[in-house]
Every structure is written in structure tokens, then in C-alpha cells.
Amino acid sequence: MNLPQAFVDYTSVLFGPQRWAQFLHALDEPAPVSVRFNPFKCTDENLFAHQTPVPWCRHAYWLPERPNFTQDPLLHAGIYYVQEAGSLFLDHVLRRYVKEPVSALDLCAAPGGKSTLMRAALPQGSLLVSNEVDRRRANILLENMQKQGHLDVLVTHNTARELAKTNLVFDVILTDVPCSGEGLFRRDAAAANEWSLSNVNGCQQRQREILTDSWPCLRAGGLLIYSTCTFNTHENEENVQWICRELGAEILPVTVPTAWHITGSLLPGFDAPVYRFIPGITQSEGFFLAVLRKQGEPERATLPKSLRNQANGERILHVLSDGIPQPELKDKEKIPSVAQALSVTTAADTYPSVELSLEQARRYLHRESFALPPGTPRGFVRVTYQGHALGFMKNVEGRANNLYPKNWAIKKW
């Protein structure tokens, strides 16, 4: 792989000769593939042959090779999520520090992997606000969260500064901040081509602005989880130091077995507990995480179950989903939404159901219309694959109209 010379000069010194050699070797190998099953929908986690457990995350496994996930209807049904193994360490962190229901915010959430993980790891009764500032990416986030099917997740589209103006506060905030993306080099050549030291410095400044803006949203005694998918100390250890110095946070340790081969701080003179995943040393693409606590007298944060009414006056909150799937009104007819079909709380007998074959399920996800079996009731029909809901069709004379969302449809196999 062709790496920018400035990256080589900096990172080879940062890693040291042995780590650097292992890292370079890993970049020439296929990227590891890992999936995490949705515990709210999946009771049998033996879907893939030769899957190997990821030790720092429940319900997560490495696969020996990358299948064509797009062709698998179970992915679209929200049965599992394809997620980079290093980022799955968040599960271990949450289970260590969060023992009772909380209000949580995933500030930079798209495409949704860490939000789906958070909802699985947080205690029952918790409320998660999954937020993304970029509107296009927010729509992708909404799709992925709705496929998971859990009610207690709200999807919003706001800046950190706008969220702070709402005066809402959270027990836990994840800031997986936009970064220079050094951990993407193996799977995305463009990430390497776009890398520069000036971009690293720009990312560091942007990260600090996001942290400053979001800090008022964290209650006293609350947890801030800071993470990136990059390797350099400017965006990692130096920012953790900055959070402690400028925002008054304390760093919390997380116990990890040595067998996990997680690397600690690489910043000279800074030996606080931080956690770095390096390709070739850990089976991952690259990830950095630190856990911090906001000082002050601990207090419990409270959030309303619905945030739609919060968008008034200066409380500007752009809610894409309040967690309660609703039918859509079209020409005075209530059309059930795909979110209703995918929700884990929708009773299977609310609508008549038809089980699809693999070929039919793929045609459905491609948004084709086709006839349902003779005897299928007229009207709205919930279609399933291996017993798991995919969405709705409207059965009319001679055919069934496909109601799968246009923006979710698979364009090609």
C-alpha cells in the first residue's frame, strides 16, 4: 500500500520498529470481518460457518471471509450489523461502567454501528438519542436504527451547539468524533490519498470544538466516551489531555486482559489509561478510546420519552424519529410504515404475514412487485424471511404492491 511519506515519517516513530513492521504487514492482508448480532431479534447466533467470538463484545464474531452481505435479507431485517472489531470495545466499556438505566447520547452516530451497540449494551429502561449533524448521513442512521427495531431510540439531526441550547442533559455521551481516518487506510485508498498533517491539525481543532459544544449536555458525574478511528497522538492522547485540562474531566480505567493485545498510550510522559487498536497487533482496522468522567456532584439526568415537543423557542431539535413507529397518511389512507414491521414490539399477528423465499426476499428488497400466494388476504401484508419481518406489501387483485422505502431499496446485487 502506498502511504503518504509524512504519515510514514510520523507513525513509524510513534509505533516503534516492531509495531510498525507488524502494522505494514497487516496492511497487505485482507481486512478482518466482524459482525454483531441484534440480541432483541436474534436468539440463534450460529448463522455463519466458522465464526469466532470477539472477546470484548457480546454477540460479536469474526468471520473467516467477507460474504456478500447485501444479498442476505437477514442483514436488512436487522438481525445483525457488520461492524469493525475495534469499535466493538465500546460494549466492554459500557458494561463496565453503566449498571442501571441511563439517558445516553451518541453525538456523531452515523452510520449507526455504535448506536446499535449502545442500545444492546445499555440496561433495559435506558433511553438513547442517536444524533448525526450531516443530513444525508442522518438518513442512513435512521434506516439502520429502524432496522434494529427498538423503541427507546430517538434519531436527531443537530449540531452539538444546537443540542446544548436545548438544555437537555445526559448520563452518558459518546463522542466518536470526525477524524483523519488513518484506521480506514486498508479498506479505503481514498482515505490514505487525502491524508495530510494539515488535515490532522484541522481535525484536532474541530474535535475540540465539538467537545466544548457538547460538554454542557453531560451531567455532573456523567461519562464521556471519546473515540476515533485514527492513530496519531494529536487527535487521541493530546485531546484526552486537553479534555482533562480545559474541561476538568478525570480519566477512568478499563480492565483488559493482556491476551487482547490492546495498546496503551503512545504519548511520551502520558501514561493514563487509553486504549488503541492497531492492525497487526489487534485483529481490527484501528480504533482509539478513552473513558472520562465529568467532575462535580453526581446527579441523574432525565429526558422525556418523546422529544418532538422540544422544538420550540430556542430548543431547536430536529427529530427524525421519536422511537415510536407510526403509519403514514396518504390520500386519507393509513399505510403501515416499514418501521412498524421491523419494530420488536409490533405483534406478529397485527397484520397477516407471508413468508418469502430467498429469491422473493431479494426481489422485495430490490423493490419489485410480485404476486403473493393464493389465499393471501387483501390489503396490507407483512412479509418475512426465515420468520423475520422485512416490511409490507399491499395485496390487490393479481399482484402485490411493494411498499419497501425507495431510499432503502437495493439498487444492484
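Two strands count as paired if DSSP finds at least two bridges between them. Keep that in mind for the first exercise, and remember that this model is predicted.

**Exercise 1. Which residue of strand 7 is the bridge partner of N131, and how do strand 6 and strand 7 run?**

Step 1: Start with the pair of strands. Strand 6 covers residues 127-131, and four bridges join it to strand 7. The cut-off is at least two bridges, so these strands pair.

Step 2: Look at the direction. The two strands run parallel.

Step 3: Pick out the bridge. N131 has T156 of strand 7 as its partner.

Step 4: Now see where the side chains go. In a regular strand they alternate between the two faces of the sheet. In strand 7 (residues 153-156), V153 and V155 point one way, while L154 and T156 point the other way, and all are buried.

**Exercise 2. At what angle do helix 1 and helix 2 cross, and which residues make the contact?**

Step 1: The axes of helix 1 (residues 5-15) and helix 2 (residues 17-27) come within 6 Å and cross at roughly 125 degrees.

Step 2: Name the arrangement. The two helices are therefore oblique to each other.

Step 3: List the contact. Helix 1 brings F7, V8, T11, S12 and F15, and helix 2 brings P17, R19, W20 and F23.

Step 4: Sort these residues by type, and you get six nonpolar, two polar and one charged.

**Exercise 3. Which strands stand at the edges of the open four-stranded sheet?**

Step 1: The strand order is 16-17-18-19, and the pairing is mixed.

Step 2: Strand 16 (353-355) and strand 19 (399-402) are the edge strands; each has a single partner, so one side of each has no neighbour in the sheet.

Step 3: From one strand to the next, the twist averages 40 degrees.

Step 4: Follow one pairing. Strand 16 and strand 17 (residues 379-385) run parallel and are joined by three bridges, and E355 stands opposite T384 of strand 17.

Step 5: Helix 12 (residues 358-365) lies across strands 16, 17, 18 and 19, at about 75 degrees to strand 18 (388-396).

**Exercise 4. Is C229 buried, partly exposed or exposed?**

Step 1: C229 sits in the loop between strand 9 and helix 10 (237-247).

Step 2: Its relative accessible area is 24%. Buried needs under 20% and exposed needs over 50%, so C229 is partly exposed.

Step 3: Check what lies around it. Leaving out residues up to four places away in sequence, C229 touches C179, G181, E182, G183, L184, G286 and F287.

Key. Residues are numbered from 1 along each chain as its sequence is written. This is a predicted model: local features need pLDDT of at least 70, side-chain atom pairs count only at pLDDT 80 or more; totals for chains, interfaces and linings use all residues. Side-chain values use heavy atoms; hydrogens and water are left out. Axes are lines fitted to C-alpha atoms, for helices over the stretch in contact, and angles run from 0 to 180 degrees between N-to-C directions. Angles under 35 degrees count as roughly parallel, over 145 as roughly antiparallel, 65 to 115 as roughly perpendicular and the rest as oblique. Contact means heavy atoms within 4.5 Å. Ala, Val, Leu, Ile, Met, Phe, Trp, Tyr, Cys and Pro count as nonpolar, Asp, Glu, Lys and Arg as charged, and the others, Gly among them, as polar. Buried means under 20% relative accessible area, exposed over 50%, partly exposed in between (1.4 Å probe, protein chains only).
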